[in-house]
Amino acid sequence: ISACERGSQLSMAMELMKEMEHRDIDKDVMTYGAAIFCCEQSGQWRRATQLLEDMARLRIEKNVVTANAAISTFGVARKWQ
């Protein structure tokens with residue numbers, strides 16, 4: 001997923017996350033952080049919000065990386081609430 005982040009390929013990152021779920025592979029804070037950075041590159045603030053909600057539902061602790069990625073995504077999209 002980090003490779004998708006560098007290549008600004010959000011759709012591929014989301015497909016990989018779905019594949020992880022289908023194969024019962026746990027996603028962690030690093031997985032979500034990379035996906036949220038992909039959202040920033042693609043201007044997809046709503047998707048970033050969904051990923052943050054998924055993290056909360058799965059009880060995955062946010063860290064500085066995920067928080068910064070989310071803040072940056074919302075800042076780029078000018079979405080502050």
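Select Lys 27 and Glu 21 to begin, where the two side chains make a polar contact at 3.5 Å (a pair of N or O atoms within 3.5 Å, one able to donate a hydrogen and the other to accept it, with residues adjacent in sequence counting only if both atoms are side-chain atoms). This is a predicted model, in which local features need pLDDT of at least 70 and side-chain atom pairs count only at pLDDT 80 or more, while totals for chains, interfaces and linings use all residues. Residues are numbered from 1 along each chain as its sequence is written, and side-chain values use heavy atoms, with hydrogens and water left out.

Staying with Lys 27, you will find it in the loop between α2 (10–22) and α3 (29–42), these helices being DSSP runs of H or I with at least four residues, numbered from the N terminus. Lys 27 counts as buried because its relative accessibility is 18%, where buried means under 20% relative accessible area and exposed over 50%, with a 1.4 Å probe and protein chains only.

Next, select α4, residues 45–57. Its buried residues are Trp 45, Ala 48, Leu 51, Leu 52 and Met 55; viewed down the axis, they fall within an arc of 115°, so they line one face of the helix (the arc is taken over the directions from the helix axis to the C-beta atoms). Turned away from that buried side are the exposed residues Arg 46, Glu 53 and Arg 57. Just after α4, select Arg 59, which takes a positive phi of about 60°.

Finally, select Cys 38, which is buried with a relative accessible area of 0%.

Key:
Helix = DSSP H or I, 4+ residues; strand = E, 2+ residues; numbered from the N terminus. Expected span 1.5 Å × (residues − 1).
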